[in-house]
Amino acid sequence: MSVLSIVIPAYNEGPTIHFILDKVKAVQLPEGMDKELIIVNDCSKDNTEDAILAYKNANTDLKISYYKHEVNQGKGAALHTGIKKATGDYVIIQDADLEYDPEEYNILLKPMLSGFADVVYGSRFMGGKPHRILFFWHSIGNRWLTTASNMFTNLNLSDMETCYKLFRREIIQGINLKEKRFGFEPEVTAKISRVPKIRIYEVGISYYGRTYEDGKKIGWKDAFRALYCIIKYNVFK
């Protein structure tokens with residue numbers, strides 16, 4: 001029995017986190033594969049912890065491991081904690097919001113289970129999946145950062161900033177990650193690209209984006225930080 005570790009960083013998602021957990025629970029993985037949920041609460045100020053523990057107690061048939069930071073450190077730090085705690089054969093990142101659809105785990109798993117891939121990125125900019133139409137400059141920023149990253153890594157990704165990244169566990173746990181906030185995406189991409197003989201694939205996924213009123217947390221400051229990280233982790237290796 002192989003296992004998919006699903007790492008979920010959470011910050012102030014108390015009122016809605018049960019929605020994404022229900023979606024993750026409902027996913028039917030390929031035959032012979034089980035799932036473990038690793039939820040990392042990054043010192044939320046609302047009732048996120050109570051919501052997670054209540055869900056865990058009400059769903060004892062689902063393997064859920066819960067960890068929390070005593071001080072807020074950032075999404076990247078929560079991912080570091082979750083990745084270190086993963087015990088499955090494969091590790092996927094899942095945001096606690098509802099922008100990405102867990103039903104598409106199998107799309108990402110296919111090239112890996114077929115023996116072709118070591119890492120799979122889910123691209124919001126390729127394929128025929130549904131995408132919510134939102135911010136023009138936000139999408140331009142994503143594409144520009146992806147292009148800048150590709151110039152240094154010599155990859156031809158279409159969506160470096162995507163949440164959905166699937167790794168073989170031994171590969172992602174073998175990388176020394178440092179970025180504690182939204183620099184995780186360019187850092188992990190830069191470092192993955194330098195793994196000898198790494199096989200990186202990309203598949204199209206859907207995207208149900210949130211507005212800032214809905215609770216979207218990424219802004220222009222994060223874009224500048226991402227650009228800084230692209231240069232830092234590629235030029236100053």
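In which strand does Asn41 lie? Asn41 lies in strand E2.

## Basis of the model

This is a predicted model: local features need pLDDT of at least 70, side-chain atom pairs count only at pLDDT 80 or more, and totals for chains, interfaces and linings use all residues. Residues are numbered from 1 along each chain as its sequence is written, and side-chain values use heavy atoms, with hydrogens and water left out.

Helices (H or I, at least four residues) and strands (E, at least two) are DSSP runs, numbered from the N terminus.

Asn41 counts as buried because its relative accessibility is 4%. Buried means under 20% relative accessible area, exposed over 50%, and partly exposed in between (1.4 Å probe, protein chains only). The side chains of Asn41 and Tyr66 are joined by a polar contact of 3.0 Å. A polar contact is a pair of N or O atoms within 3.5 Å; within protein, one must be able to donate a hydrogen and the other to accept it, and residues adjacent in sequence count only if both atoms are side-chain atoms.

Leaving out residues up to four places away in sequence, Asn41 touches Ala10, Thr48, Glu49, Tyr66, Tyr67, Lys68 and His69. Contact means heavy atoms within 4.5 Å. Strand E2 is mostly covered, with eight of its nine residues buried.

## The sheet

Seven strands form an open sheet in the order E3-E2-E1-E4-E6-E5-E7, with mixed pairing. Its edge strands are E3 and E7 (200-204), each pairing on one side only. The twist averages 20 degrees from one strand to the next. Two strands pair if DSSP finds at least two bridges between them.

E1 and E2 are parallel and share nine bridges; Pro9 has Val40 in E2 as its bridge partner. E2 and E3 also run parallel, joined by six bridges. Here Glu36 is partnered by Lys63 in E3, and Ile39 stands opposite Tyr66. E1 and E4 run parallel over four bridges, with Ile6 partnered by Ile92 in E4. E4 and E6 (residues 165-168) are antiparallel, with three bridges; Val91 has Phe167 in E6 as its partner.

## Crossovers

E1, helix H1 (residues 17-26) and E2 form a right-handed β-α-β unit. E2, helix H2 (residues 48-58) and E3 form a right-handed β-α-β unit too. A crossover is right-handed if, with the strands pointing away from the viewer, the path from the first strand over the helix to the second runs clockwise.

## Helix H3

Why is helix H3 largely enclosed by the rest of the structure? Nine of its eleven residues (75-85) are buried, so the rest of the structure largely encloses it. Among the buried residues are Lys75, His80 and Ile83. Their cover includes strands E1 (2-10), E2 (33-41), E3 (63-68) and E4 (90-93), and helices H6 (169-173) and H7 (184-193).

## The nonpolar core

The largest nonpolar core has 62 residues, of which Leu4, Ile17, Ile39, Tyr105 and Leu166 touch the most other members. Such a core is a set of buried Ala, Val, Leu, Ile, Met, Phe, Trp, Tyr and Cys residues joined through side-chain atoms within 4.5 Å. Setting aside neighbours within four places in sequence, Tyr105 contacts Leu4, Ile6, Val24, Val27, Leu29, Ile92, Gln94 and Tyr164.

In E4, Tyr90 and Ile92 point one way and Val91 and Ile93 the other, and all are buried.

Terms used
Axes fitted to C-alpha atoms, helices over the stretch in contact; angles between N-to-C directions.
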